[in-house]
Amino acid sequence: MNLSGPDPIKDNRLRFDHFEDKLFNKTPRLPAMGWNSWNAFGSGNTEELTKAMVFKIKELELDKLGYKYIVLDDGCYHPERIDGHLKADEVKFPSGFKAMADFVHGHNLKFGMYNDIGTRLCSGAEVGIYRHEKTDCEDYIKWAIDFLKVDNCYYMWDNATFADPGNAKYSFAPNIRSIYFAGKTYPAAGYADITGTCASVEYGYIDYVTSIGTFDGTAPEHSPVGSRSSELVFEVEIDEPGEFELVVTYASGKKEGVGGWLQVAVNSDVVFDEMLPDTGSPETFKDSAPIKLRFTEPGFNKLRIMNHRRQENTLLSYSKIRRELEAAGDRDIVFSICEWGKTQPQNWGHKVGDSWRILNDITFQVGSDGNPGTAKWEDDYTTSITSQYNKAVIMDEFSGLDKGWNDPDMLVIGMDGISDTMCRTHMAMWCMLNAPLMLGLDLRRISKGDALYNIISNKDLIALDQDPLGIQAKRIFTTVCCTRPDKEYIRDNKRTDVLVKPLANGDIAIGFFNLDQESQSNDISMDIDMLISALGGKIINKDAFLNAGNFRIKDLLAGEESESSDRSFGSGILNPCDCKVLRITPLP
Amino acid sequence: MTTERFITELCQISGTDPDGIYIKGRKEGWLEAADEVSKDTQITRKIAARIIHMYLLKVLHVNDLDISGAKELKDLYDCRVCANHIAQAYMRGIMNAKDLKRDGGFLWFDLNSTDDDAEVMAQLSRLSSIADSSLI
């Protein structure tokens with residue numbers, strides 16, 4: 001197995017500068033809905049349990065509401081390849097995956113599986129797809145899968161979970177002290193422009209620029225909005241086009257913020273993309289060998305010192321899988337990217353996937369047969385409903401029918417640790433955010449008409465998630481001090497948010513979400529003109545709203561409908577962690 | 001200590017016949033196929049934590065504790081699939097953490113390391129105490 005370094009990038013569409021360009025002809029599709037084994041059973045899922053879930057989905061008629069994908073998550077494979085192929089764990093899935101797929105398809109449902117872009121799965125099973133993309137994708141097609149979730153553990157070219165922390169050497173450029181170009185030395189600190197907010201200048205005995213690369217988005221600290229990557233850009237002047245030499249004075253490391261991989265671009269052309277020799281420490285500066293650069297334009301040019309490989313390597317790995325699925329005869333497979341937001345997939349996920357996880361897991365206390373597991377409303381890490389919501393709610397610009405969906409992880413409805421109110425609000429949030437709706441509970445615990453069933457089967461909320469217009473709600477107001485509610489990353493949960501979402505039939509949905517574990521003290525009222533203004537050109541039927549004499553208002557949680565000529569819509573007093581979601585129809 | 005010996009010792013303290021334990025444990029849900037495949041390798045702390053936690057759940061029917069207290073482990077979230085296993089083994093006092101700065105300044109579970117035989121036996125003994133109390 002080649003672990004000597006990431007593959008060269010031969011297709012410019014995989015480059016940072018081309019993240020907005022298309023890579024595949026993707027089928028526009030709405031967020032996936034179904035059941036995934038992880039939150040319900042962790043590594044303990046079995047054929048018997050999966051069949052029981054299929055029977056319950058049919059009994060509860062959840063498939064008629066859209067819950068169609070039955071996805072086997074981690075823990076289902078034999079821990080080693082057999083003759084180079086993936087194989088089912090013979091105790092958990094004695095009939096094998098094809099039989100499981102046939103069973104699921106026999107019930108008019110769709111079948112999904114799981115793998116990992118690294119050498120192993122997160123559970124440790126040594127069956128990661130790396131260097132087996134062709135074989136595995138051919139097998140997946142033979143097994144007739146309809147959905148593939150691909151994780152990011154044991155990844156070779158980044159310091160991902162279980163990977164060597166020293167892999168950060170691939171993800172960041174070295175510390176840069178200066179460059180020598182065309183007979184002149186240019187200091188990095190104080191002379192060059194630093195783009196983005198990741199890199200910074202370290203002042204000391206030697207001034208240098210560090211953290212040239214991309215923020216790790218796995219944990220909740222950083223906003224997903226704005227430039228998440230940094231470059232060091234020198235503006236250099238040349239008299240005549242021609243070949244020049246560049247020498248970089250650098251110090252390399254193997255940790256987050258300082259690596260050894262350097263990319264150099266002249267304007268938009270990447271001309272160097274390699275690992276530099278190790279200098280021994282992040283403070284030991286040495287000169288690189290001369291790097292030959294060709295300039296085609298006289299005058300001022302941009303010389304970019306950078307490393308976008310954290311994003312590019314991960315995109316390359318996922319794109320290989322998609323390419324092999326298509327080569328093997330892709331049967332309209334939903335491709336679920338699960339790299340936990342680490343490499344800012346909101347920038348590139350649309351090129352290859354149908355959805356992309358935005359953070360680490362929503363819970364680490366998953367269930368098992370007889371144990372529902374535990375979830376939280378709030379937490380200082382990613383493991384809570386509000387941690388996921390707080391990031392997803394400002395990510396609407398990245399999602400859409402022509403792109404894919406931000407994935408704030410699978411639903412935790414039905415787990416211990418959260419009330420029915422929290423579950424209801426969780427469902428409403430995910431539907432307003434156009435998130436994939438993957439149930440994560442043991443469905444044998446619910447019956448038609450009970451509290452959990454009523455939450456997951458709310459047709460009006462599901463209709464928001466599955467609305468064919470495919471526009472994620474935008475946050476237009478929040479009760480904490482904030483100048484850009486649609487962009488600012490807010491982690492203080494003592495607040496109420498107002499979200500608005502345009503719908504295909506010309507209606508709009510308004511969501512009031514009290515994230516606080518105390519009751520909200522005031523009614524929040526939103527004027528129709530403010531809602532229209534906030535939606536801009538995304539609203540389908542602007543004139544109907546402007547000219548409306550009356551409005552039909554449906555409270556999607558209470559199920560009550562009313563008509564009103566009032567041009568503002570209020571939250572009422574919301575209980576702790578509660579919400580109100582209204583669907584507004586303009587009437588003459 | 002190898003994974004196999006760990007499982008054998010666990011069987012002995014619980015009075016279980018170790019014959020056919022890999023299949024039995026997998027059917028009961030507290031062992032994984034990988035445990036048999038890797039039976040001759042030294043058991044890491046994260047694997048020991050998984051087996052201990054799943055044994056508590058599946059054999060002893062001991063419910064999970066709240067894991068908030070385990071957040072003091074600086075490397076708890078380094079392992080998404082075993083965070084709860086580690087937290088449960090730690091919160092129940094079965095497996096300890098290293099205090100790298102003393103006085104609780106930097107608690108480190110060190111999930112990929114191994115323990116010496118005496119420490120592993122002490123862990124199994126503590127598990128046995130919980131088993132005894134769960135029978136009361």
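## Two crossing helices in chain B

Let's start in chain B of this predicted model. Helix 4 (residues 45-58) of chain B packs against helix 5 (residues 83-91) of chain B at an angle of about 75°, and their axes are 8 Å apart. That angle makes helix 4 of chain B roughly perpendicular to helix 5 of chain B.

Which residues meet here? On the helix 4 side of chain B you'll find B:K46, B:A49, B:R50, B:I52, B:H53 and B:L56. Across from them, helix 5 of chain B brings in B:H85, B:I86, B:Q88 and B:A89.

## Chain B as a whole

Step back, and chain B turns out to have six helices and two strands. Follow the sequence and the pattern reads α-α-α-α-α-β-β-α.

How does the overall size work out? For 136 residues, a compact globule would have a radius of gyration near 14 Å, and chain B agrees, because its own value is 14 Å. Its C-alpha atoms fill a box of roughly 45 × 35 × 25 Å along the principal axes. Of the 136 residues in chain B, 42% count as buried. Take the contacts in chain B with a separation of 6 or more: 71% of them come from residues 24 or more positions apart.

## A six-stranded sheet in chain A

Over in chain A there's an open sheet of six strands, in the order 21-22-23-28-25-26, with antiparallel pairing. Its edge strands are strand 21 (474-478) and strand 26 (560-564) of chain A, each pairing on one side only. On average, neighbouring strands of this sheet are turned by 25° against each other, ignoring direction. As for what holds strands together, strands of a sheet pair through backbone hydrogen bonds, either parallel or antiparallel.

Zoom in on one pair: strand 23 (residues 508-514) and strand 28 (residues 579-587) of chain A run antiparallel over six bridges. A:F513 stands opposite A:C579, which belongs to strand 28 of chain A. Helices join in too. Helix 8 (residues 420-432) of chain A lies across strand 22 (496-502), strand 23 and strand 28 of chain A, at about 140° to strand 23 of chain A. Helix 11 (residues 528-535) of chain A also packs on the sheet, where it touches strand 21, strand 22 and strand 23 of chain A. The direction of helix 11 makes about 65° with that of strand 22 of chain A.

## Helix 3 of chain A and its buried side

Now look at helix 3 (residues 96-106) of chain A, whose buried residues are A:F97, A:M100, A:A101 and A:V104. They sit on the same side of helix 3 of chain A, because they cover an arc of only 100° around the axis.

What covers these buried residues? The cover includes helix 2 (47-60), strand 2 (69-71) and strand 3 (110-116) of chain A. Just after helix 3 of chain A comes A:N108, with a positive phi of about 60°.

## A buried tryptophan in a loop

One more stop: A:W340, in the loop between strand 17 (334-337) and strand 18 (355-357) of chain A. Is A:W340 buried or exposed? A:W340 has 26 C-beta neighbours inside 10 Å, so it counts as buried.

Who are its contacts? Leaving aside neighbours within four places in sequence, A:W340 is in contact with A:N152, A:T218, A:R357, A:L359 and A:N360. There's also A:A219, 121 residues from A:W340 in sequence but 8.6 Å from it in space, C-alpha to C-alpha.

Technical notes: Residues numbered from 1 in each chain as written. Chains lettered and ligands numbered in written order. Predicted model: local features only at pLDDT ≥ 70, side-chain atom pairs only at ≥ 80, totals over all residues. Buried ≥ 20, exposed ≤ 12 C-beta atoms within 10 Å, placed from the backbone. Helix = DSSP H or I, 4+ residues; strand = E, 2+ residues; numbered from the N terminus. Arc of directions from axis to C-beta. Contact = placed C-beta atoms within 7 Å. Rg over C-alpha atoms; globule rule 2.2 N^0.38 Å. Pairing = 2+ DSSP bridges. Axes fitted to C-alpha atoms, helices over the stretch in contact; angles between N-to-C directions. Parallel < 35°, antiparallel > 145°, perpendicular 65-115°, else oblique.
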